[in-house]
Amino acid sequence: MKAIVFFLEEPSAKEMLQGLLPRFLPCGVAVRYVTFQGKQDLEKNLEKRLKGWREPDSAFVVMRDQDSGDCRVIKEGLAKLCRQAGKEHALVRIACRELESFYLGDLAAVEKGLDVGGIGRQQQKRKFRSPDQLGSPSGELEKLTKNRYQKIAGSRAIGPHLSLEGNCSRSFNVLVSGIRAIVSQE
C-alpha cells in the first residue's frame, strides 16, 4: 500500500485526521482526502468516486457521522456502495452521533488545542465517560468551551492533541484500530 484514501462527509474530519495521522502512520504512506459536502453528497457520489480512483496500491477508509440514524444500517449502506464500486475491502467507520464525540472522549486534547483551562478535569463526569451516547456532542462541546469550539478551526486545533490511547469514545478507538490494521497488513 502506497496510500490511504479517506472519503469523508465533511471538511472538519479532514482537519482532525491531518493532525492525528502523522503521529502513527509509517513514513512512506501517502494520505489522500476526498471531502464531501455532507452525508447526502457522500452517499450519492461515493461509488462513482471509488470506481474512478486510479492510483494503484491504495487502501480506502470511508467515514461519516451517525447523527440520528441506525449505525449498522448506515455502515452496511456505505459498505454496499464500496462493494458495488469493486472496493469490498474498504474500511467503513461511523463516528457515533458526531465527530465531536471523538473530542469529548479526550477533554485534555480539547483543553490543550483550544487553550481553555479546566476542561480536562471534567473527563470523569459520567456523561463524558461515554461520549458516543450523547445526543448532541457538538452542542455539548460548544457549551463546554463557551463557544470557542468552531467545527473546522476546532478540529484543526484539537486533532494533533488527541490521545491514541485511552480516548473514551469507542468509535474513535475503532477508527484508529482500523487504520492501524490497514497499515499492518502491508
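**Note on the predicted model: sheet, helix packing and selected residues**

1. Four strands make up an open sheet, ordered E2-E1-E3-E4, and their pairing is parallel. The edge positions belong to E2 and strand E4 (91-95), each of which pairs on one side only. On average, neighbouring strands of this sheet are turned by 20° against each other, direction ignored. The model under discussion is a predicted one.

2. The pairing of individual strands can be followed residue by residue. E1 and E3 run parallel and are joined by six bridges; within this pairing, Val5 stands opposite Phe60 in E3. E3 and E4 also pair in the parallel sense, over five bridges. Here Met63 has Arg93 in E4 as its bridge partner.

3. Helix H3 (residues 71-84) lies across E3 and E4, and its direction is at about 150° to E4. H9 lies across E1, E3 and E4 and runs at about 165° to E4.

4. Helix H1 (residues 11-20) has seven of its 10 residues buried, so this helix is largely enclosed by the rest of the structure. The buried residues are Ser12, Ala13, Glu15, Met16, Leu17, Gly19 and Leu20. Which elements cover them? The cover includes three strands of the sheet, namely strand E1 (3-8), strand E2 (30-35) and strand E3 (58-65). It also includes helix H4 (100-104), H8 and helix H9 (170-184).

5. H3 also packs against another helix. The axes of helix H2 (residues 39-51) and H3 come within 8 Å and cross at roughly 30°. An angle under 35 degrees counts as roughly parallel, and H2 is therefore roughly parallel to H3. The crossing of these two helices is right-handed.

6. The contact between H2 and H3 can be described by its residues. On the H2 side, Leu42, Glu43, Leu46, Glu47, Leu50 and Lys51 take part, and they meet Leu78, Leu81, Cys82 and Gln84 of H3. By class, this contact has six nonpolar, one polar and three charged residues.

7. How are H5 and H8 oriented at their packing? Helix H5 (residues 107-114) packs with H8 at an angle of about 105°, and the two axes are 8 Å apart. Angles of 65 to 115 degrees count as roughly perpendicular, so H5 is roughly perpendicular to H8. Ala109, Val110, Gly113 and Leu114 in H5 meet Gly154, Ala157 and Ile158 in H8. This contact has five nonpolar, two polar and no charged residues by class.

8. Leaving aside residues up to four places away in sequence, Gly154 touches Leu114 and Tyr149. Leu114 is one of the H5 residues that meet H8. The C-alpha atom of Gly154 is separated by 21 Å from that of Arg170, which is 16 residues apart from Gly154 along the chain.

9. Most residues other than glycine have a negative phi. Asp115, although not a glycine, has a positive phi of about 55°. The residue is in the loop between H5 and helix H6 (126-129). Is the side of the cut-off on which Asp115 falls buried or exposed? With a relative accessibility of 62%, Asp115 counts as exposed.

10. Asn147 is found in the loop between helix H7 (137-144) and H8. Exposed residues have over 50% relative accessible area; Asn147, at 53%, is therefore exposed.

Key
Residues numbered from 1 in each chain as written. Predicted model: local features only at pLDDT ≥ 70, side-chain atom pairs only at ≥ 80, totals over all residues. Heavy atoms only, no water. Contact = heavy atoms within 4.5 Å. Buried < 20%, exposed > 50% of the residue type's maximum accessible area, 1.4 Å probe, protein only. Pairing = 2+ DSSP bridges. Axes fitted to C-alpha atoms, helices over the stretch in contact; angles between N-to-C directions. Parallel < 35°, antiparallel > 145°, perpendicular 65-115°, else oblique. Left-handed = near helix turned anticlockwise from the far one by under 90°. Nonpolar A, V, L, I, M, F, W, Y, C, P; charged D, E, K, R; others polar.
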